[in-house]
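Please keep the sequence and the model in view while reading.

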Amino acid sequence: MKAVVFNRKSHPDKLVFCDIDKPVPKDKEVLIKIHAVSLNAADYRSMKMGLIPESKIFGADISGKVESVGKHISLFKPGDEVLGDLASCGFGGLAEYVTAPEKALVIKPNKISFEEAAALPMAATTAFQALRDKGNIQKGHKVLIVGSAGGVGTFAVQLAKYFEAEVTGVCSSKNIQQTLSLGADYVIDYTKENLIKTKNRYHIILGINGNYPLLSYKRILTSNGTYVMIGGSFSQIFKSLLFGWLLSFGSKKMKSLAAKSNSNDLELLTQLLEKGIIKAVIDRRYSLDKAADAMNYLKQGHSTGKVLINIEPK
């Protein structure tokens with residue numbers, strides 16, 4: 001099969017499009033013929049940190065069709081259309097086929113496309129768990145989403161509105177209309193307005209992109225507000241992990257999220273997508289042989305939605 005394999009010696013991208021053996025599912029695995037895969041920050045950050053999958057194939061968010069199943073699989077059968085997040089079970093999505101445990105997968109409804117399905121898992125789950133689990137979001141909460149235009153941010157805006165919150169997105173001028181179209185009540189253009197000088201106060205702040213000081217985030221929280229670090233620059237992630245606990249003394253909390261694959265959450269998010277309550281925003285599409293270009297584009301940090309790899313079915 002065709003796959004994009006990490007090769008440390010390959011320059012400049014270390015991602016090589018090549019032929020490798022098609023995987024064979026174990027007793028508790030499903031073999032999936034992949035139709036689409038989306039890239040996430042987890043892909044390029046893992047690569048940069050040297051956290052390479054055993055298969056040397058990145059790509060966690062996949063959609064496709066079940067080709068065969070192991071003898072201990074009960075939830076799926078050949079022909080089922082599925083989607084899933086493979087981050088906790090070895091990645092492997094940048095290929096024509098991948099094996100995965102059934103706990104990583106859910107059924108793809110007919111109403112949503114393979115592209116929409118592949119765009120959903122990690123980004124939407126991250127936004128959902130940040131708002132619900134870390135932020136304890138409630139109806140009427142004021143939510144600030146710093147980095148509202150990217151993969152996680154576009155889902156965070158929509159999910160915060162699903163929870164009936166008041167949403168303010170932070171993005172550049174070119175992404176204002178997109179953020180408003182997703183349901184945001186207000187938008188702060190960071191190229192024209194200094195966020196840290198705002199007089200507004202927020203119950204929840206999601207730090208997805210940007211590099212504002214933690215103390216500035218803490219200042220614009222309500223008295224019992226919560227800041228949740230999801231992404232941002234490496235320096236900001238490091239500072240949040242190192243100093244967040246120290247800044248959490250008192251009623252304002254500074255938290256970090258490491259989203260975890262959860263089939264129940266993914267089932268719910270898939271239902272919201274099917275019903276049109278949320279939608280996948282797709283920025284760019286690439287073919288599998290152009291995966292290195294797609295990864296380089298995503299690393300620049302300016303994507304307006306999800307970056308997709310389409311794998312032509314044969």
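**A guided reading of the model**

Leaving out residues up to four places away in sequence, Lys139 touches Phe163 and Glu164, where contact means heavy atoms within 4.5 Å. The model is a predicted one, in which local features need pLDDT of at least 70 and side-chain atom pairs count only at pLDDT 80 or more, while totals for chains, interfaces and linings use all residues. Residues are numbered from 1 along each chain as its sequence is written, and side-chain values use heavy atoms, with hydrogens and water left out.

Lys139 is found in the loop between H3 and S8; helices (H or I, at least four residues) and strands (E, at least two) are DSSP runs, numbered from the N terminus. Lys139 counts as exposed because its relative accessible area is 65%; buried means under 20% relative accessible area, exposed over 50%, and partly exposed in between, with a 1.4 Å probe and protein chains only. Between the C-alpha atoms of Lys139 and Ser256, 117 residues apart along the chain, the separation is 22 Å. The loop between H3 and S8 also holds Asn136, whose phi is near 50 degrees, a positive value in a residue other than glycine. Most residues other than glycine have a negative phi. Asn136 is partly exposed because its relative accessibility is 48%.

Is Gly59 buried or exposed? Gly59 is buried, since its relative accessible area is 0%. Its contacts, not counting residues up to four places away in sequence, are Val37, Asp43, Phe91, Gly92, Gly93 and Leu94. Of these, Gly92 is 33 residues from Gly59 along the chain, and their C-alpha atoms are separated by 5.6 Å.

Met1 sits in the segment before strand S1 (2–6) and counts as buried because its relative accessibility is 17%. Not counting residues up to four places away in sequence, Met1 touches Cys18, Asp19, Ile20, Asp21, Lys22, Pro23, Ala95, Glu96 and Tyr97. Met1 and Tyr97 are 96 residues apart in sequence, yet 7.3 Å apart in space, C-alpha to C-alpha.

The interior comes next. A nonpolar core is a set of buried Ala, Val, Leu, Ile, Met, Phe, Trp, Tyr and Cys residues joined through side-chain atoms within 4.5 Å. The largest such core has 44 residues, of which Leu120, Phe155, Leu159 and Leu206 touch the most other members. Two or more residues each are given to this core by helix H2 (114–119), helix H3 (121–134), strand S8 (142–146), helix H4 (151–162), strand S11 (202–207) and helix H8 (263–274). Apart from this core lies another, of 43 residues, among them Ile32, Val37, Val98 and Ile309.

Helix H9 (residues 291–299) has Ala291, Ala292, Ala294, Met295, Tyr297 and Leu298 as buried residues. The buried residues of H9 pack against S1, strand S2 (15–19), strand S3 (29–39), H1, strand S14 (282–287) and strand S15 (306–310). Just after H9, Gly301 takes a positive phi of about 80 degrees. Glu115, in helix H2, is buried because its relative accessibility is 19%. Leaving aside neighbours within four places in sequence, Glu115 is in contact with Ala36, Ile282, Arg285, Leu308 and Asn310.

The last feature is an opening. The second largest pocket has a volume of about 380 Å³. Of the 19 residues that line this pocket, Glu29, Ser55, Cys89, Gly90 and Thr99 are the closest to its centre. On a 1 Å grid over the protein atoms alone, a pocket is an open set of points where a 1.4 Å probe fits, with protein on both sides within 12 Å along at least five of seven lines, and lining residues have an atom within 4 Å of a point. Grid points are joined across faces, edges and corners, and a volume is the space filled by probe spheres set on the points. Strand S6 (residues 97–101) gives the largest share of the lining, 5 residues. Cys89 is partly exposed because its relative accessibility is 26%.
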